[in-house]
Amino acid sequence: MKIIIAPNSFKGSLDAFQVAKAIELGLQKSNLKSNCQLFPIADGGDHTLEVFHNWFGGHLISANVLDPLGRTIKADWLWIEKSQTAVIEMAKASGLSLLKKSELNPFMASSFGTGQLINEAIRKGAIKIILGIGGSATIDGGLGMLQALGADLLDAKGERIEGDCNPVMDFSDISIRNIDPRIYNVEFLILCDVENPLLGDNGAVQVFGPQKGANQTALIKLEKSMEQFNKIIKNKTGKDFSVMKGAGAAGGIAVSLKAFFNASLVSGVDFLLEQMGFEEQINDAGLLITAEGKADSQTLQGKGPFGVASKATEHGIPSIILVGKADEMDLLNHGFSAIFPITNGPCTLEEAMSQTRVN
């Protein structure tokens, strides 16, 4: 039997390649006679860069950028010379994985470092930038990114907002006259891993704020700031992005990219699967095994495992998802043939993450 092993990464534990190899090793220990095809996937979130590099080649370049809290770090991005294309993963510069749990603070976290990577790509001569926006630590509407690109953000007094923390709280106006004009000749393609809108109960703040360190009081303040942000962008561009599918991803960064640079927003996993020829690979398979660290209703809204499972269903192929943790099982049962948590009993999150490969 041909088995396609197409897992996502387990955030903070194993990348998709390591997960795929661990699953293959587990199958080899059984008596099942199978032909395993490893197909590690990404959806715009963590390790999207590595998946791109593995499938499409190119040259990894390291740059000094500011992390979400303004500390200098090194972040890789991918340059594909033949097509003059840059691939940037937001999580490398502005990601949750760069911060300790005690450091999570959406009032401070900025997407500035992501803007610095975009600057690097423009200086290299990119005519196309593919940006994966999953796994971010920020809720700043991409304003930090715009600052790095040269935009002037102004507060209610008309004074320039300085610093490298989240500027959305004080944001009242924007000037883009100092942005490098070469950016307007660049095609931006945003790879998104969720479908959430910018505002409301299912939006950037309410859904993703808690995992980025926001308590209930902070959620109320951030939601008001994002409403003001959307109002200002609408006044500037005449476009309302509040209910745009995917606008709530990565703290709303897609709104700034679409508003000022006419970026296209697509499903990250659908784009990658098409580029990698996934349907041709799965066509004669007998089983699909996918995986991710935590599966819940968000898995069904643009995440990699649901993307590959949907393709399997179209071909009449059953799908199994292996997970570190599963919530909302009644919903997940509509997306997968079977769901198997990999832990062997009650344990802490730290214990589970340290045992991911073995489990």
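This is a predicted model: local features need pLDDT of at least 70, side-chain atom pairs count only at pLDDT 80 or more; totals for chains, interfaces and linings use all residues.
Residues are numbered from 1 along each chain as its sequence is written, and side-chain values use heavy atoms, leaving out hydrogens and water.

**View 1. The surface of the chain.** Buried residues (under 20% relative accessible area; exposed means over 50% and partly exposed in between, with a 1.4 Å probe and protein chains only) make up 54% of the 359 residues.

**View 2. Lys-92 and Glu-50.** These two form a salt bridge (a side-chain nitrogen of Lys or Arg within 4 Å of a carboxyl oxygen of Asp or Glu), with their closest N and O atoms 2.6 Å apart. Lys-92 sits in helix H3 (residues 90-94) and Glu-50 in helix H2 (residues 48-56), so the pair ties together parts 42 residues apart in sequence. Helices are DSSP runs of H or I, at least four residues, numbered from the N terminus.

**View 3. Glu-120 and Arg-123.** Here the closest N and O atoms of the salt bridge are 3.1 Å apart. Both residues lie in helix H4 (residues 112-124), three residues apart, about one turn of the helix. Glu-120 is partly exposed at 27%, while Arg-123 is exposed at 52% relative accessibility.

Technical notes. Helices (H or I, at least four residues) and strands (E, at least two) are DSSP runs, numbered from the N terminus.
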